[in-house]
Amino acid sequence: MHTLARFLVFGLALLLIASLGLALQPAKASMDRPTWSAGNFWVYNISSGSGPATVTGTFRMDVSGTETVTLNGTGFYPSYRVASDLKIPLGGGLTFEVFPVIWFSVDTLAVVKIQAVVPPILNLTTQTTVVIAGSPPQTIQWPLTAGATWSSSTVVWTSSMNATRTTWSHATLSTTFSVQSDATITVPAGTFSTTPLKELSANGTYTTNFWSAQVGNWVRVGSYNRTGQNSQNFNLTSYGYTGGPGFFGSIILGLPAWIWLILLVVIVVAIIGFFAVRRRKPPAVMMPPPMPPQEPPMGP
């Protein structure tokens, strides 16, 4: 085999060993904080209530970039800017749709601020701009390790502004966070290993966010009343996330690493085949040069 071909085969073998080693590592007992990037997205279906009163809809989140959010003129928080789309059919061909912008802390992925322009609903209200912010934002402690608990408080400020007036209100929100044992969750987007994070409010209601390293976000968000009865669910239907752990989740020169791996295999096979054909091809037979034409003998 040609030297270049042997070199590429050796490099491919090392790459495969490293990749398989990452894939065969045992699952971590804790989940690291996902890293988002522009272009990541997640789509959920929504189900709220039960029986005839059930409300359904869809919710989409798209990461558009990062920016710093200022709260109360003092706190500066590097955040992911996420454009979202909440769509709820009202029946009779009508749909309520709003496009909130949500800022998530880069350091903790906790919500820093929400801003939405709420359209009139069945002409019963006027267009209203709503801003919700927690000062300071609550804290999610990464990595998420089963059994870990902590408490976090924030003052939630809400402003509502329409054509006639602006109102302000605030309230203290205290939450106890607890990381549950890993759970396998099946949703429309597939089956995922998740790390559930329970968020218990002071009034006894709670929410469980099923975080997935593969998805880079929640696979499911379930809300529960004081008795533990499920009242609302967000279930993942599709997603685009390129920041997952391991070699196959990484990006090299704009392409996922697994695509480069396939390309490398194709190149190596082509090189090996080229030199194999050259080695099997018999050497060309050297033919003697043609004899020059002879002139007829001269007469006497």
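**Ground rules.** I number residues from 1 along each chain as its sequence is written. Since this is a predicted model, local features need pLDDT of at least 70, side-chain atom pairs count only at pLDDT 80 or more, and totals for chains, interfaces and linings use all residues, while side-chain values use heavy atoms, with hydrogens and water left out.

**Overall look.** I looked up the secondary structure and got two helices and 18 strands (DSSP runs numbered from the N terminus: helices are H or I with at least four residues, strands are E with at least two). Next I checked burial: 32% of the 300 residues count as buried (under 20% relative accessible area; exposed is over 50%, partly exposed is in between, with a 1.4 Å probe and protein chains only).

I also looked at contacts, meaning heavy atoms within 4.5 Å. Of those with a separation of 6 or more, 46% join residues 24 or more positions apart.

**Cores.** I then went for the nonpolar cores (sets of buried Ala, Val, Leu, Ile, Met, Phe, Trp, Tyr and Cys residues joined through side-chain atoms within 4.5 Å). The largest has 34 residues, and Trp36, Trp42, Met61, Leu144 and Trp211 touch the most other members. A separate second core has six residues, among them Val69, Leu71, Val112 and Ala133.

**Aromatic rings.** I found twelve aromatic pairs (Phe, Tyr or Trp rings, using the six-membered ring of Trp, with centres within 6.5 Å; planes under 30 degrees apart are stacked, over 60 edge-to-face, the rest tilted). Trp36 and Trp42 make a tilted one, 4.9 Å centre to centre with 45 degrees between the planes. Trp36 is buried because its relative accessibility is 4%, and Trp42 is buried too, at 0%.

Phe192 and Tyr239 pair edge-to-face, at 6.0 Å and 75 degrees. Phe192 is in strand S13 (residues 190-201) and Tyr239 in strand S16 (residues 230-240), so this pair ties together parts 47 residues apart in sequence. Phe192 is buried at 3%, but Tyr239 is partly exposed at 26%.

I also traced one aromatic cluster, whose members include Trp36, Trp42, Tyr44, Tyr80 and Trp211.

**Charges over rings.** Last, I looked for charges over rings (NZ of Lys or CZ of Arg within 6 Å of the ring centre and within 35 degrees of the ring normal). Arg60 puts its charged end over the ring of Phe41, 4.5 Å from the centre. Lys113 lies over the face of Trp103, 5.1 Å from the ring centre.
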